[in-house]
Structures are given as structure tokens and as C-alpha cells.
Amino acid sequence: MTVATRIAPSPTGDPHVGTAYIGLFNYAFARSRGGRFIFRLEDTDRQRYDAGAEARILEMFEWLGIRPDEGPDVGGGRGPYRQSERLAIYREHAGRLLATGKAYRAFETPEELDAMRTEQKRLGRPLGYDGRGREVSREEQERRAAQGEPHVVRLITPDDGETAFQDVLRGEVSIRNAEIRDPVLQKSDGYPTYHLANVVDDHLMGVTHVIRAEEWVTSTPIHVLLYRAFGWELPEFIHMPLLRNPDKSKVSKRKLDTSVESYRLQGILPEALLNFLATMGWSMPDGREFFSLDDMVAGFDIGRVSLGGPVFDLKKLRYYNAKYLRDVLSLEEVARRIAPLLRERGLDWNDQDYLLDVVDVLRPRAETLVDLIDAAGYFFTEDVRYDGPARKQLAAGQKYLEDLEREFSILEFFDYDGVDDLLHDYVQAQSVGMGKVLQPLRAALTGTTNAPGVTDLVTILGKRRVLRRIGQALSAINQGLPDDNPQRSGESGPGGDGKGARGPRKPGKGETQARQQGRQEGTAAGAGTPKRDPAG
RNA sequence: GGCCCCUUCGACUAGCGGUUCAGGUCACCACCCUUUCAAGGUGGCGGCACGGGUUCGAAUCCCGUAGGGGUCACCA
């Protein structure tokens, strides 16, 4: 039998990291065994149904690169893949259990059930349906149903003994049948409950391995009983540990950001999120900590799941993201993802190489795409604003800036080495510390003191921009560095939404690594076009 | 509370009876590099929950205790 797994989310709120997590493991398992991975929408709860959620969950998986072989959007031979479109199937199956005496119609109202629970509580008795509906005769059940009296269908479960199942990761788990109280299979609105729909669909869709979260362990015996009632073969059950909040409780919106969309908006990369999620309760056989989805599939071994509930650590997620940004993805790839975000802010550029240079120096200083674009502003606008520390540097560096303006204007080879030599020679001639000269220059060029190496900045910005910015800084100094420097107007281009004008920039993070040799462009035309290591 | 599951550094984990006075990563600290901020390099801090067994030998197996989590709906 060919392996089949599934992810079966409910279309309620935001696409959840837990759904991504369980989806990832189902996907990896199916792929590693040459099986099918099914997406099934469990939309049987009309109260909590959210019309937009289905598309958003699908988008989430698309973004993550986890593509189902079957699902509502891709089809497949065992659909439909929305439970709301399978109502007739569930009704027929419920009917089958009714006909074979394995289920019965129960007519208690919600109020009656509440009263029952209240009474149980008062007496200190175990909570749960007491099976009173079994007393109603078949004839009466059918008669009342025929008269349209609202009712549910319940499974008859054994009162004694216990029901056990094998969990691939935990071994045998058994629960006394007394704990299981005739669960509802079909609600009074005619919709199936999770238990019925899930079992019926898993069977009909040929699911061989049920990989789901640990929270389902205690209801698995219900499913076992259902499989038996239908006379079906059991699938393998694999219960993954629950992702945890920092306080160890199961991940929740209240205590943690659980929305995958929100991580995307924060500039988290799908590869990084996936890699991070894969390390939650699982490890590569060879101990690698950075690996792609394909790598994971190639090395997948369900036996390597560890059962302690892993805490979802934002810091580590960000670390993974930073790692992907600077080491795993190519420079070109990062630039490709950054470009649209810059344009959204109304920032633009003419030269692809310029963008690559900017990303190159900025990415070691960024943890997320958003960090990166937050720090990139001065590369894309001439309206440089000076933050507090920058003002101090400018005020102290007027002389150096004047000198450097002159020196740069006559510098013939405006490439990395040329600039670097000039700067060093100048500093030496002045016999002062590097910082004395370079900090004011950095401030003039970027408006901040936290930025990439000055030689990089100068080289990337190019002669024309550098001279202009030094000139600007000098005139600002002459005007006493007015504190109410006009807000940067954000150079709103197409798609600009005014976001260009933001509060004080976060300290830029950048790259000091020596640039490639051979920057050839000595002209004033700014946009640096240095040679770049094609290895990227 | 009943039931079920889980338990290696603050966090993620490796370890599946002996080659481990427990290894790696994040975080944290220090130092190095250094014109700022990062990145990078080096080092450090820090753990087998506890108690009984089993065994020549236990982080690894068993039992108990404690702790954590989940679940007890006409939600999934």
C-alpha cells in the first residue's frame, strides 16, 4: 500500500505555525516514502468558520514550499477535499453505524447536557455523557427523528475494558473505556464531528499514517473504536509533540505570535521558518542544523522525533533567519526578495549591481528582510537625516569633512583600494585616530553612526553621492545642525505610501568585509559597479 | 480533580547499557579582530528532576515520587 499522509486544518483564524509544523512533518514523511501528501479542509464547524482562511492556509503552504499532491485547489482522485462538500458521505456512514446497531440517535438538548454535567460536578462524579440515550428504543428514536426532532448520533462505546493503540513514537497507549462516553458523531445540524469525518476521510482517502499533534492522543481510542465499528484497518498513529509557549504551555496566540503571515511580514524567510520548525522535536541523522526542505526529506526518519514539547524560541528563529540571509541564500536571491520591499517603500535604484552592493554590506547586519530595508534608506535617498550621535560626530568633524571633500573630488581611482588608501593616508597625515575622521564621514554619508565600513560606503555610494553628502553635511554644520531637520520626504515613487518617512532609523547593521578589488569606476557617476564574486 | 503523554544545560537538541568526569547550536559573558554597528574567530558559564531497583557497568532498562503538558464539548 502506498503511503499517504495528510494535513487537515480547520479554516478558523490566521494560518498557524502549528499547522505549518504538522504539515511539514506529514509532507516530509510522505515524500521520504514516495507517498502522497493530502491537504484536507476540516470545515465542519459553522460557528468558527472563516471564509478567507482556506485561501490563506493554502497560501501559507505555497509560501513555505510545501505542496500537497491532493487538495481542494489541486484536485486528486479521492475528493472532494473540503469536508463541507462531503456531508452525504458522512451521513451515509453514520447511517451505516445506526443500521448495524453501533450508534444511536440521542435527543438530549444542550441544556439537559449542561444540567447533567452540573449534577455530576455537584456529586463529584466523573464528567461526561452518561449514556442515557441508549435507553430510548430504536423505534422511538426513528419516530422522533422522523418527526424532525433535533438530535445527534452517538457511537456506542464499551463500558468496561480498555482500548489500546500503537503510537509509532510512544508504543502502546491504552485508555479505559469508562473514560470514553458515547461520543457524538453527527451534530444536530447534520454536520459530522471531527471524529467521524476524520476517520471516514482518512479511510476513504487511503491515509496510511496519521501524523498529528499530541493533543489528539486521548481521543485516538475513539477513532480506534470507530475504525472497528466500520470494520476498517487502522492506520499508523504518530503523535507529534506540541509546540510550546515560553512558559511551556501549548502555543497560543495570547502568549506568542502564532501567525505565519505575521512572520512573513516581519521579514522571516520561508526557508528559515521551515528549517527552524524542523528542529523542533526533530534532528537530522548527521546532526546538521541547517538544511533545506529537500535535505530534510532525504534524511527523514520519523524515529528521530523527540517527545519533549519544544519551546518556540523567537530568538533562535531570528538567528536562523539571519543565517539564511547572510550565509545560506545567495546574494542575488536576497536581493531578489528585498527589491519589492524597497519599492513598496518608494525606494528605487537604476542599477542592479548597486542593489547587490547594498545588500552585500547590509545583510550581515540584518536578521530579517525588514531589518535590512529599515537600514537601507540612505542608500536610496539623497535626503539624509542625521540622528543624535551623527550630529555630534558632524559637529566635531567639520575640518575633516572639508578636507575629505577636497581629497575625494580629485581622487582618480575611486575604487575600494583607492578610497581605502586615501582614507588611511589622510588619517595618518592628520595623526589622529581613525574614528575621529571616519565617524564624521560615516555620519555625513548615512546620517547615523551605526553603518557599514566607511570604505564600503564611499565606494558603493560613488563619488558624486559622496561629494554631495559631504557638502550637505557641511552646510548643515554651518547652519548649526538644526535639530528640526525636515522629515525625510521618502522620495515617494510609484507605490509609495508615505512610509518612507519613518521615525529615527534603527541602527544600521552592515558589513565591513573588504570589498572585492578592482572597483573601476572612477567617474563621478556614483553607482558603483564593482566586480563581485560570482560564487555568491 | 480523573485519565493520558512527557522529563539531558535558560532554550533547541545529540546520546538509543560500556569508546561520555555527557557533545553541538541559540541565548548569555569574556577576549580577539576592528573606524562605528554587525558579522567572524577563540574561550567561558551551564544539564542527565529525585529516590529505589536491574546489571560487572546506567543519561540510557524497570518501578515509584515530583514536575510539566495535554485532554475530559453537538471545537477541531
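Helices (H or I, at least four residues) and strands (E, at least two) are DSSP runs, numbered from the N terminus.

A word on what you see. This is a predicted model, where local features need pLDDT of at least 70, side-chain atom pairs count only at pLDDT 80 or more, and totals for chains, interfaces and linings use all residues. Residues are numbered from 1 along each chain as written, chains are lettered from A and ligands numbered from 1 in the order written, and side-chain values use heavy atoms, without hydrogens and water.

Now, confidence. pLDDT is the predictor's confidence in each residue, from 0 to 100. Chain A averages 89, and 90% of its residues score at least 70. Residues 484–536 fall below 50, yet this stretch has 132 contacts in the model beyond near neighbours in sequence. Contact means heavy atoms within 4.5 Å. Where pLDDT is low, the predicted coordinates should not be read in detail. The model scores ipTM 0.97 and pTM 0.90.

Back to the RNA. How many residues surround RNA strand B? The count is 67, and Arg170, Lys187, Gly281, Arg365 and Ala451 are the closest. By class, there are 22 nonpolar, 20 polar and 25 charged residues. Nonpolar covers Ala, Val, Leu, Ile, Met, Phe, Trp, Tyr, Cys and Pro; charged covers Asp, Glu, Lys and Arg; the others, Gly among them, are polar.

Which part of the RNA faces the protein? Of the RNA atoms within 4 Å of the protein, 70% belong to sugar or phosphate, and the rest to bases.

Some bases pair up with protein atoms. A side-chain N or O atom of Arg442 is 2.7 Å from a base oxygen. Ala451 puts a backbone N or O atom 2.4 Å from a base nitrogen. A polar backbone atom of Gly453 is 3.1 Å from a base oxygen.

Last, helix packing. The axes of helix 1 (residues 17–32) and helix 9 (residues 270–278) come within 10 Å and cross at roughly 75°. Axes are lines fitted to C-alpha atoms over the stretch in contact, and angles run from 0 to 180 degrees between N-to-C directions. Angles of 65 to 115 degrees count as roughly perpendicular, so helix 1 and helix 9 are roughly perpendicular. Val17 and Phe25 of helix 1 are among the residues in contact, as is Leu274 of helix 9. That contact has eight nonpolar, no polar and no charged residues.

Notes
Near = heavy atom within 4 Å. Polar contact = N/O pair within 3.5 Å; in protein donor to acceptor, adjacent residues only side chain to side chain. Parallel < 35°, antiparallel > 145°, perpendicular 65-115°, else oblique.
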